[in-house]
Amino acid sequence: ELALEILMDNTSFCLDEEGTLLSANPTGGSFTINTDPTPVGDFNPELMGAGSHTVYYNYTNPDTGCPYVDSLEVNVFELPEANFDLELQACPDEPITVTFTGLAPNTSDSGFDWGTFSGAEVLSGTGAGPYELSWGSSGTQTVSLQMTTDDGCTSSFEQTIEVTSMSLLMPETLNIAQGDSVSITALANSSTSDVTIYTWDN
């Protein structure tokens, strides 16, 4: 009996990986995938889609005219999507929440790498979160997430937050005679951005 062998270095792919040319021993046959009878020359993960696929090698012995078929299972894994919601501004020592909003197919808690949260104090949270963080000083901070599924597929995302401290200069007390009017000017300085909103409280 003639032995056929499909030659593929890799039988597991992430959905965004490059395809691979198909080859087999002995040469001279044709390849098909799943139930589609159309001959193909390569395996394209993105075109095939996530799931398990069967590659067939069809060969006819030129000496006997006998047909032979070999098959090989190939897996394509879904991609994760690293994404999260983060408040865009906060004050020093103000707790803020980071909430994962992406996709995590077949992903363990260890597959979520949040790094050091740009030096924030982690008040609570693990794995996918949600997390409660705070920064002790002002500045532009970048929170990043690197995801790796149990199948080895990856995705990354990052977002910045402005941690702003503010000083306000205005008179602490005012003595106003009844019936008189007075003009009050408040000077506010932010460490990271322009102050555009003032709220007065009687």
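**First stop: an open sheet**

Begin by selecting the five strands of an open sheet, which run in the order E2-E9-E8-E5-E6 with mixed pairing. Its edge strands are E2 and strand E6 (36–40), each of which pairs on one side only. On average, neighbouring strands of this sheet are turned by 35° against each other, direction ignored. Such angles lie between 0 and 180 degrees and are taken between N-to-C directions of axes, which are lines fitted to C-alpha atoms, for helices over the stretch in contact. Strands here are DSSP runs of E with at least two residues, helices are runs of H or I with at least four, and both are numbered from the N terminus. Two strands pair if DSSP finds at least two bridges between them.

This is a predicted model, in which local features need pLDDT of at least 70 and side-chain atom pairs count only at pLDDT 80 or more, while totals for chains, interfaces and linings use all residues. Residues are numbered from 1 along each chain as its sequence is written, and side-chain values use heavy atoms, with hydrogens and water left out.

Within the sheet, select strand E5 (residues 30–33) and strand E8 (residues 51–60), which pair in the antiparallel sense over 4 bridges. Ile33 is found opposite Val55 in E8.

**The whole protein**

Now show everything: the protein has 1 helix and 19 strands. Of its 202 residues, 28% are buried (under 20% relative accessible area; exposed is over 50% and partly exposed in between, with a 1.4 Å probe and protein chains only). Among contacts (heavy atoms within 4.5 Å) with a separation of 6 or more, 53% are between residues 24 or more positions apart.

**The disulfide**

Next, select Cys14 and Cys153, whose sulfur atoms are 2.1 Å apart and form a disulfide (a pair of cysteine sulfur atoms within 2.5 Å). The count by this rule is 1 disulfide. The link of Cys14 and Cys153 is left-handed, with -100° about the S-S bond. Cys14 belongs to strand E2 (residues 12–14) and Cys153 to the loop between strand E16 (139–148) and strand E17 (154–163), so the pair ties together parts that are 139 residues apart in sequence.

Are these two cysteines buried or exposed? Cys14 is buried, at 7% relative accessible area, and Cys153 is buried as well, at 1%. For Cys66 the value is 34%, partly exposed, and for Cys91 it is 44%, also partly exposed.

**Thr160 and its surroundings**

Move to Thr160 in strand E17, a partly exposed residue with a relative accessible area of 41%. Leaving out residues up to four places away in sequence, Thr160 touches Leu86, Leu88, Thr140, Gln141 and Thr142.

**Aromatic rings**

Finally, display the side chains of Phe, Tyr and Trp. Their rings (the six-membered one for Trp) pair if their centres lie within 6.5 Å; planes under 30 degrees apart are stacked, over 60 edge-to-face, and the rest tilted. The count by this rule is 9 aromatic pairs. Tyr57 and Tyr59 have ring centres 6.3 Å apart and planes at 25°, so this pair is stacked; both residues are buried. Phe100 and Phe112 form an edge-to-face pair, 5.2 Å centre to centre with 85° between the planes. Last, select Phe84, Trp114, Phe117, Tyr131 and Phe157, which ring pairs link into a cluster.
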